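Open the model in your viewer and keep the selection panel at hand. The stops below say what to select and what is found there.

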Amino acid sequence: MVLKSIKITYLLLYKDLKAIYNTYIEKNTRSKKRGENVERVVLHSDANCFYASVEMLYHPEYAGKPLAVGGDPEARHGIVLTANYIAKRSGVKTGMALWQAKQVCPELIFVSPRMDLYLKFSSMLREIYSEYTNQIEPYGCDEAWLDVTESFSLKGNGKMIAEEISRRVKKELGITVSVGISWNKIFAKLGSDYKKPDAITEFNKANYQDLIWKLPVSDLLYVGRSTNRTLQKYGIRTIGELARTDPSFLERQLGKMGLVIYSFANGWDDSPVSAEGYQAPIKSIGNSTTTPRDLENDQDVQIILMALAESVAARLRKHGFKCNVVSISIRDNGLFHFSRQRKLQEPTDITDEIMSAAYQLFRENYHWPCPIRSLGIRADDLVMGQVTVQLDLFMNEQRREKQEKLDRAVDDIRRRFGYHSVQRAFMYQDKILSSLDAQGSHTVHPVGYFNGR
């Protein structure tokens, strides 16, 4: 199949490729007849080592020393969220367990994360961006795309705007950003990753084949480890080799995602930069924790799972969702890790039902080869809380209504008086484990780059 240009917006809807091609040609023919300039300029601004950079502002005594933002090493909580460049040069990487980071860099200084502070700086970054465009699409709290096409008459071209943003962030906030410039979001993000820190890179239609096509295929958005392994198996090692591969072959090996990354490699992405204030809808809600001590029996697991189930269910109710699927993740102290999921009989936001599904998954899939170091629960396949469901003759709906009312009453008490103001009695069988405030941290997973495209 010959694909000269594919509009990624429609591709992600998985429609017939011939129809996509015809739609793309028709749209551009209409634009040319109207004399429209379809070229646009997109920036991707990425704050360098964001959390660590902010912490360095508040800890001048750590200047010139390796620093990482992570959990509490004494309590064994968490992983490295980010590290400064001194630590990175020593081999510290994002996602490392704290003890692993300390092994590769013994002099590493750990700082506990302060999300409220980072979100404040994120907000200040967006205030600066908003003076150049109202099309600002966050990609995490430290990255954002900006469509500055309509700002040329007031602010200059894309490079001038990028240089001015870079200067202002450095002067006003004391941190640095790397900025990528291109005609599409994919290549703009590649540009911000191309040179770091405090750099500006422009990929345009005249230079992208010379610069981008030489990069490893793993640098491309949505080419993860599994996809990269498949591509490597077939000798596809660079973005250029991916761009020149027969798309029908990629579709056979990788499904529709093969066509997506083929289009990304060729720069065929005209997905819009969302307007300022856009918030991605929630796709799933989860919570996990590295436990205060190793879990050695089923009772230990029940205590932690209940704390996690309470936090996930409370957040479901807060956002007005119910879930159709419950997933668990387990990591033992040998660092063996796996996850399992279960489809529920009907959507729920009830704590006991989420806990029951999670514990059943645990009992069926873990048989204590080692003590457990980390547990997680995630609620997936979300639907609105008011969704109509088919009543089940074998389910006690009156009891479920009482459980829902009880959960909401507990939510209200904890909202007013704190998490530990009311707890289940069996949680106190272990004071160390029951001291965990699982509601103090949540992971809310937004729909990613593909949503609504």
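**First stop: the largest core**

In this predicted model, select Leu305, Leu316, Phe362, Leu375 and Ile377: within the largest nonpolar core, which has 37 residues, they are the ones with the most contacts. Next, colour the elements that each supply at least two residues of this core: strand E9 (282-295), helix H15 (298-319), strand E10 (321-332), strand E11 (337-348), helix H16 (351-365) and strand E12 (372-384). Of these, H15 gives the largest share, eleven residues.

Now centre on Ile377. Which residues is Ile377 in contact with, leaving aside its neighbours within four places in sequence? They are Ile285, Gly286, Asn287, Leu305, Leu308, Ala309, Val312, Val326, Ser327, Ile328, Ile354 and Ala358.

Another core, of 34 residues, lies apart from the largest one.

Together they make an open sheet in the order E3-E2-E4, with mixed pairing.

Pick Ala68: its bridge partner in E3 is Ala83.

Finally, show helix H3 (residues 50-58). H3 lies across E2, E3 and E4, and runs at about 115° to E2.

Notes
Residues are numbered from 1 along each chain as its sequence is written. This is a predicted model: local features need pLDDT of at least 70, side-chain atom pairs count only at pLDDT 80 or more; totals for chains, interfaces and linings use all residues. Side-chain values use heavy atoms; hydrogens and water are left out. Two strands pair if DSSP finds at least two bridges between them. Helices (H or I, at least four residues) and strands (E, at least two) are DSSP runs, numbered from the N terminus. Contact means heavy atoms within 4.5 Å. Axes are lines fitted to C-alpha atoms, for helices over the stretch in contact, and angles run from 0 to 180 degrees between N-to-C directions. A nonpolar core is a set of buried Ala, Val, Leu, Ile, Met, Phe, Trp, Tyr and Cys residues joined through side-chain atoms within 4.5 Å. Buried means under 20% relative accessible area, exposed over 50%, partly exposed in between (1.4 Å probe, protein chains only).
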